[in-house]
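Grab a pencil and work through these exercises with the structure open beside you. Try each task before you read its solution.

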Amino acid sequence: GIESVRDCCASMQLLRSVRPPLATRLALQHAALLGGMSHEFAALDEPELQQSLPRHCATMKAYQAELLACGAANSAALATVFGRAEDRGADRLRSVVWPWLEPLAGTAEDEYEHLGSVWRHMARDWTAGGAAQTGHLRAEVLRLLRGEGLASGAGVPPGGEVLVLGCGQARLAWTIASGLPGARVTGSEASEAQLRGSLVE
């Protein structure tokens, strides 16, 4: 009822007031991911399972070690790109009742600030595998901006301006700027996480 709505609004206001910097929020999300990895494989330590399926346990333990090593590398990457997390900010965020933390990872306004989105954009826009999937789309945009395939044949003139809205980690903007060296290309992005991610590329 109305009281529940009020409680929810009060909790969200509290969340916003204690919300730590981006680096701390991403580090907390990453720590939760690593904790989930450890929890998921916890059953491998049970003696009964080790006795009944020794080869399976050994294989899965090796796989877990691989995942955690990747997680450690990602931790280092996060610190390099976004800076070190602030312990004080993390403690303040943990002081909020946990169920109200969910909106930080799930609302539309925070979607592109979430760790999963940062990794997805990096993989899609700046890795060889991602380029194989999306490179043709960027090439098509560049072709049209050059006027190729258009009835008018009019593309962006030398010295013209191109604005890329919601540029994410700026791969499309970079492609356009590289393909139209005479144009002035500007990328616009509201997400701090995505913009910070683009700086390292």
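**Exercise 1. Which residues of H4 are buried, and what follows H4?**

Keep in mind that this is a predicted model.

Step 1. Buried means under 20% relative accessible area. In H4, the residues Cys-57, Gln-64, Gly-71, Leu-78, Val-81 and Phe-82 fall into that group.

Step 2. Take Val-81 as a test case, a residue of helix H4. Its relative accessibility is 15%, so Val-81 counts as buried.

Step 3. Now step past the end of the helix. Gly-83 follows H4, and its phi is positive, near 95 degrees.

**Exercise 2. What span should H4 have at 1.5 Å a residue, and how far apart are its end C-alpha atoms?**

Step 1. H4 covers residues 54-82, which makes 29 residues. The expected span is 1.5 Å times one less than the number of residues, so H4 should span 42 Å.

Step 2. Compare that with the model: the end C-alpha atoms of H4 are 41 Å apart, which agrees.

**Exercise 3. How do H2 and H4 pack, and which residues meet?**

Step 1. Start with the geometry. The axes of H2 (residues 22-40) and H4 are 11 Å apart, at an angle of about 180 degrees. Angles over 145 degrees count as roughly antiparallel, so that is the label for H2 and H4.

Step 2. List who meets whom. H2 brings Leu-22, Ala-23, Leu-26, His-30, Leu-34, Met-37 and Ser-38. Facing them from H4 are Gln-64, Leu-67, Leu-68, Gly-71, Asn-74, Ser-75, Leu-78 and Phe-82.

Step 3. Sort these residues by class: the contact of H2 with H4 has nine nonpolar, six polar and no charged residues.

Step 4. Check the H2 side for burial. Among the buried residues of H2 are Leu-22, Ala-23, Leu-26, His-30 and Met-37, and these names also turn up in the contact with H4.

Step 5. Here's a handy rule for reading such lists. An α-helix has 3.6 residues a turn, so residues three or four places apart point the same way.

**Exercise 4. At what angle do H4 and H7 cross, and which residues make the contact?**

Step 1. The axes of H4 and H7 come within 13 Å and cross at roughly 90 degrees. Since 65 to 115 degrees counts as roughly perpendicular, H4 is roughly perpendicular to H7.

Step 2. On the H4 side you'll find Asn-74, Ala-77, Leu-78 and Phe-82, and on the H7 side Leu-115, Val-118 and Trp-119.

Step 3. Sorted by class, the contact of H4 with H7 has six nonpolar residues, one polar and no charged.

**Exercise 5. How do H7 and H8 cross, and into which classes do their contact residues divide?**

Step 1. H7 (residues 115-126) and H8 (residues 128-145) have axes that come within 5 Å and cross at roughly 70 degrees. The two helices are therefore roughly perpendicular to each other.

Step 2. Ala-123, Arg-124, Asp-125 and Trp-126 of H7 meet Ala-128, Gly-130, Ala-131, Thr-134 and Arg-138 of H8. These divide into four nonpolar, two polar and three charged residues.

Step 3. Look at Gly-135 too, which is found in H8. With 24% relative accessibility, Gly-135 counts as partly exposed. The C-alpha atoms of Gly-135 and Asp-125 are separated by 8.5 Å, and the two residues are ten apart along the chain.

**Exercise 6. Where does Ser-198 lie, and which residues does it touch?**

Step 1. Ser-198 sits in helix H10 (residues 192-199). Its relative accessible area is 16%, so Ser-198 is buried.

Step 2. Leaving out residues up to four places away in sequence, Ser-198 touches Gln-169 and Ala-170. Ala-170 is in the loop between strand E1 (161-165) and helix H9 (171-179). Although Ala-170 is not a glycine, it has a positive phi of about 75 degrees.

Step 3. Ser-198 and Val-81 are 117 residues apart in sequence, and 9.1 Å apart from C-alpha to C-alpha. For Val-81 and Arg-196, 115 residues apart along the chain, the C-alpha separation is 6.8 Å.

Key:
Residues numbered from 1 in each chain as written. Predicted model: local features only at pLDDT ≥ 70, side-chain atom pairs only at ≥ 80, totals over all residues. Heavy atoms only, no water. Helix = DSSP H or I, 4+ residues; strand = E, 2+ residues; numbered from the N terminus. Buried < 20%, exposed > 50% of the residue type's maximum accessible area, 1.4 Å probe, protein only. Axes fitted to C-alpha atoms, helices over the stretch in contact; angles between N-to-C directions. Parallel < 35°, antiparallel > 145°, perpendicular 65-115°, else oblique. Contact = heavy atoms within 4.5 Å. Nonpolar A, V, L, I, M, F, W, Y, C, P; charged D, E, K, R; others polar.
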